[in-house]
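I opened this notebook to record what I looked up in the structure, entry by entry. The sequence and the model come first, and my notes follow.

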Amino acid sequence: MQSAPLVHGHRGFRGQWPENTLTGFEKAAALGVDFVELDVVISSDNKVVVSHDPYMNMKFCLDSAGNGIADDQTFNLYKMRYEEIARFDCGTKVNADFPEQQAVAERKPLLSEVIESLQRSHPSVGFNIEIKSDEQGDNIYQPPPHRNAALVMDLLNQFNLKKELLIVQSFDPRILDCMHALDKHIPYSLLVEGEVNVAENLSTLSFMPDYFAPDFTLLTVDIASQIRARGLRLMPWTVNEQSDMDLMIEWGATDIITDYPDRLVEQLKKR
Ligand code: G3P
Ligand code: CA
């Protein structure tokens, strides 16, 4: 039988709590996840802000007056100071894609706040940090990779987290290369979407990452075994149905990212 995978709460605990918020991370940690998965972007004053989108998402953010947002393009976080970003509420308006979410007024937190908060309340929970970046967005939605990586690394260096409690992931190999050049000892994870060709995906990097993290719908038993045969940890995302969780475990996933860590924890108890 396969050993139990580690549980990563996607954007905290998105199935039940607003994504990428302090409340969501605390709830995931209290449930017993091994890692919280979170996304980071950079503000105009170089703060590392926890947000999946590099803008205020009209699906679940409200402006400082509590009004809805008409267009996702209106508020670009990379052009806003953190002080301004913090005036928006991205927790009261429930994301209709996750109707079981509980509403709670929440601003987008700084990465430093999330680490401080969880290190205090649940010091054994790890941080799986996705740096958002893509080539088309350079200088529009994010700084170029060298500066982006330097800002995140500066922040991480302030905490000196144990290696076991940190993973840095990205879809953008440029970011992983820059981070790796700055610190070779952090565990890195290559996110893959669109198509999996293990050798080709890995060839986009100048080093071998610790994790290979594909969209789980792209996996086959053969691809999963190729990844494991290379000695890489296999971290599929975003696995929300219990039948899919079982399949991923059977195929050798060492880590599973899910919006519903409660379901995965339950599933693991049955094994
Ligand atoms: O961690 C993997 C997963 O979070 C990647 O997709 O778009 O939810 O950041 P996304
Ligand atoms: Ca992510």
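I began with a term: a nonpolar core is a set of buried Ala, Val, Leu, Ile, Met, Phe, Trp, Tyr and Cys residues joined through side-chain atoms within 4.5 Å, where buried means under 20% relative accessible area with a 1.4 Å probe and protein chains only.

I noted that this is a predicted model, in which local features need pLDDT of at least 70 and side-chain atom pairs count only at pLDDT 80 or more, while totals for chains, interfaces and linings use all residues. Residues are numbered from 1 along each chain as its sequence is written, chains are lettered from A and ligands numbered from 1 in the order in which they are written, and side-chain values use heavy atoms, with hydrogens and water left out.

**The cores.** I found 62 residues in the largest nonpolar core, where Leu38, Leu111, Leu156 and Met179 touch the most other members. Helix H4 (residues 145–157) gives the most to this core, namely six residues; helices (H or I, at least four residues) and strands (E, at least two) are DSSP runs, numbered from the N terminus. I also found a second, separate core of 13 residues, with Met56, Ile69, Met80 and Cys90 among them.

**Leu111.** Leaving aside neighbours within four places in sequence, I saw Leu111 in contact (heavy atoms within 4.5 Å) with Leu38, Val40, Val48, Val50, Ile129, Leu155 and Leu156.

**Helix H1.** In H1 (residues 22–31) I listed Thr23, Gly24, Phe25, Ala28 and Ala29 as buried, and their cover includes strand E2 (35–42), strand E3 (48–50) and helix H3 (111–121).

Definitions and conventions
Buried < 20%, exposed > 50% of the residue type's maximum accessible area, 1.4 Å probe, protein only.
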